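Subject: Structure handover

Hello,

Here is the structure you asked about. My notes on it follow below.

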Amino acid sequence: MDVSTGPGGGAPLAAFLRARRGRVRPEQHRLAAGAQRQVPGLRRDEVAFLAGISTDYYVRLEQGRERRPSPTVVEGLSRALLLDAVATRYLRELSVADSVADSVAGEEAPRMTAERLAAVHQLLGSLPVPALLVNRWLDIVGSNPLGDRLHEGLEPRDNYARLVFLAPGAPSFFTEWPELARCMVAALRTQTGSGTASPRLTRLVAELSAKSDVFRTAWREHHLYEKAMDHKRLRHPGAGTLALDQHVLELPGSGGHRIWAFHPADEATSDALLGLAGTVSR
């Protein structure tokens, strides 16, 4: 499966515009819905009118024949499609993706220098809560011992999206798995941004799409999700039910690497993590 395509094929920008157009209701722009409408969302000419561009130009954008809209056009499309700040930034990235296509196409995974990576691993080891280091593709680049214990029993553990969608025990381990699955797909698309042409991402999305109907459907919907904090409830095989606040810590200048730190959200979870820490230290 080509990660750059949506339900109708085409370039990343074209697929994104088609998906988002279908989610905007006419009445949201005070347009008459009408009984004879043949599309679930806005028509192409309506998006063009709302964005202040010609219908012909917008059609070329959706067909992938025009791939570099100007900043003014991007802002107009953002208003027409009712994009939030995250989606608008993503649209800007897609609009300039062709200009960096050569560098993106050869990229396998964002990297940090060995010295920086060693320092981050030391930081992970000093944290008293479970913590993971992930890159833009959600590869698990590192973890502290509690981070390993937190996800014990789940395989594969090389990539968090693969863990969520392919680990046999994931739906029972994550108490809100359906919502987590949707957010994981949206977070992966958001973090990779204009890197949708990366061979690494292409392989990952092809694998998950082939093995998970949920992933395949969600990827085509072009949802985006960016978080600084989230709440998770887990059914840990050894520690019972855990309530955790997940904090996402940005690492500037690291090529998109982030630390995920899982802090106990209640006293029972805090006690349970102390028990896990005791088993790690033995």
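In this predicted model, Met184 touches Leu138, Tyr160, Ala161, Val164 and Phe165, leaving aside residues up to four places away in sequence. Met184 also belongs to the largest nonpolar core, which has 38 residues. Together with Tyr160, Val164, Phe165, Phe174, Phe215 and Trp260, Met184 touches the most other members of that core. Another core lies apart from it and has 24 residues, including Val24, Leu42, Leu83 and Leu224.

Aromatic residues

There are seven aromatic pairs in the structure. In one of them, the ring centres of Phe165 and Trp177 are 6.0 Å apart and the planes stand at 75 degrees, so this pair is edge-to-face. The pair links distant parts of the chain, with Phe165 in helix 9 (residues 160-166) and Trp177 in helix 11, twelve residues apart. Phe165 and Trp177 are both buried.

How are the rings of Phe215 and Trp219 placed, stacked or edge-to-face? Their centres are 5.8 Å apart and their planes are at 15 degrees, so the pair is stacked. Phe215 and Trp219 sit four residues apart in helix 13 (residues 213-220), which is about one turn of the helix. Phe215 counts as buried because its relative accessibility is 0%. Trp219, with a relative accessible area of 0%, is buried too.

Ring pairs also join Tyr160, Phe173, Phe174 and Trp260 into a cluster. Tyr160, Phe174 and Trp260 were named above among the core residues that touch the most other members.

Five strands form an open sheet in the order 2-1-5-4-3, and the pairing is antiparallel. Strand 2 and strand 3 (229-236) are the edge strands, each pairing on one side only. On average, neighbouring strands of this sheet are turned by 30 degrees against each other, direction ignored.

Strand 1 (residues 131-134) and strand 2 (residues 140-143) run antiparallel and are joined by three bridges. Across this pair, Leu132 is opposite Ser143 in strand 2. The two strands form a hairpin with five residues between them, and Leu138 in the turn has a positive phi of about 70 degrees. Leu138 is also one of the residues that Met184 touches.

Strand 1 pairs with strand 5 (residues 258-264) as well, in the antiparallel sense and over four bridges. Here Val134 is opposite Arg258 in strand 5.

Two of the helices

Helix 5 (residues 85-95) has Val86, Ala87, Thr88, Tyr90, Leu91, Leu94 and Ser95 as its buried residues. These pack against helix 1 (12-21), helix 4 (71-80) and helix 11 (177-192). At the start of helix 5, a side-chain oxygen of Asp84 comes to within 3.2 Å of the backbone nitrogen of Val86.

Which residues of helix 2 (residues 44-51) are buried? They are Glu46, Val47, Ala48 and Ala51. Helix 1, helix 3 (55-62) and helix 4 are among the elements that cover them. Just after helix 2, Gly52 has a positive phi of about 80 degrees.

Regards

Key
Residues are numbered from 1 along each chain as its sequence is written. Side-chain values use heavy atoms; hydrogens and water are left out. Two strands pair if DSSP finds at least two bridges between them. A nonpolar core is a set of buried Ala, Val, Leu, Ile, Met, Phe, Trp, Tyr and Cys residues joined through side-chain atoms within 4.5 Å. Buried means under 20% relative accessible area, exposed over 50%, partly exposed in between (1.4 Å probe, protein chains only). Contact means heavy atoms within 4.5 Å. A polar contact is a pair of N or O atoms within 3.5 Å; within protein, one must be able to donate a hydrogen and the other to accept it, and residues adjacent in sequence count only if both atoms are side-chain atoms. Axes are lines fitted to C-alpha atoms, for helices over the stretch in contact, and angles run from 0 to 180 degrees between N-to-C directions. Rings of Phe, Tyr and Trp (its six-membered ring) pair if their centres lie within 6.5 Å; planes under 30 degrees apart count as stacked, over 60 as edge-to-face and the rest as tilted.
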